Amino acid sequence: MKATSILRAWIWLVGLSLGSTAITLWVWPESLTWLAGCVILCLAWAKARVILSRYLGLCNAPFWQRGFDIALGLFCLVLLGLFLVPTLL
């Protein structure tokens with residue numbers, strides 16, 4: 001694996017982490033806290049994809065990457081549903 005690919009992945013991870021931090025530090029109105037949670041979960045999903053793709057090398061195995069993407073997407077949807085249930089009730 002090339003060092004530039006790892007460096008780019010690291011830069012993406014730092015940027016996504018800074019985005020998550022910025023969202024948590026923002027003062028959200030009570031009616032929009034669900035949106036903040038959804039955005040943070042999406043950023044966490046993106047970070048997981050970068051880690052799986054670049055650090056674990058799944059970018060070289062598209063079949064396995066697709067399987068992990070589907071499993072990760074379904075897991076994040078379940079987490080999103082569990083997060084939004086109290087908002088809907």
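Helices (H or I, at least four residues) and strands (E, at least two) are DSSP runs, numbered from the N terminus. The model is predicted: local features need pLDDT of at least 70, side-chain atom pairs count only at pLDDT 80 or more, and totals for chains, interfaces and linings use all residues. Residues are numbered from 1 along each chain as its sequence is written, and side-chain values use heavy atoms, with hydrogens and water left out.

**View 1**
Tyr55 is found in helix H2. Its relative accessibility is 35%, so Tyr55 counts as partly exposed; buried means under 20% relative accessible area, exposed over 50%, and partly exposed in between (1.4 Å probe, protein chains only). Tyr55 belongs to a nonpolar surface patch of about 780 Å², made together with Leu7, Trp10, Ile11, Val14, Leu18, Ile51 and Leu56. Patches are made of residues with over 30% relative accessible area and no salt bridge; like charges are joined within 9 Å, and nonpolar side chains (Val, Leu, Ile, Met, Phe, Trp, Tyr) within 5 Å. Accessible areas come from the Shrake-Rupley method with a 1.4 Å probe, and for residues only the protein chains shown count as cover. H1 gives the largest share of the patch, five residues, and H1 and H2 each supply at least two.

**View 2. Helix H2 and its buried residues.**
H2 has 23 residues and reaches 32 Å from its first C-alpha to its last, close to the 33 Å expected at 1.5 Å a residue. The expected span is 1.5 Å times one less than the number of residues. Buried in H2 are Ala36, Gly37, Cys38, Leu41, Leu43, Val50, Leu52 and Ser53. These buried residues pack against H1 and H3, where contact means heavy atoms within 4.5 Å. Just after H2, Gly57 takes a positive phi of about 80°.

**View 3. Ser20 in helix H1.**
Ser20 is found in helix H1 and counts as buried because its relative accessibility is 12%. Leaving aside neighbours within four places in sequence, Ser20 is in contact with Ile40, Leu43 and Lys47.

**View 4. Helix H3.**
The 27 residues of helix H3 (residues 62–88) should span 39 Å at 1.5 Å a residue, and the end C-alpha atoms are 37 Å apart, which agrees. Gln65, Leu72, Gly73 and Cys76 are buried in H3. The buried residues of H3 pack against helix H2 (33–55).

**View 5. The salt bridge of Arg49 and Asp69.**
One salt bridge is found in a search of the whole structure; the term means a side-chain nitrogen of Lys or Arg within 4 Å of a carboxyl oxygen of Asp or Glu. The side chains of Arg49 and Asp69 meet in a salt bridge at 3.0 Å, N to O. This pair links distant parts of the chain, with Arg49 in helix H2 and Asp69 in helix H3, 20 residues apart. Arg49 counts as partly exposed at 29% relative accessibility, and Asp69 counts as partly exposed at 22%.

**View 6. The cysteines.**
A search of the whole structure finds zero disulfides, a disulfide being a pair of cysteine sulfur atoms within 2.5 Å. The sulfur of Cys59 is too far for a bond, because the closest cysteine sulfur, in Cys76, is 20 Å away. Cys76 is in no disulfide, and the nearest cysteine sulfur to it, that of Cys42, is 7.9 Å away. Cys76 is buried, with a relative accessible area of 12%.
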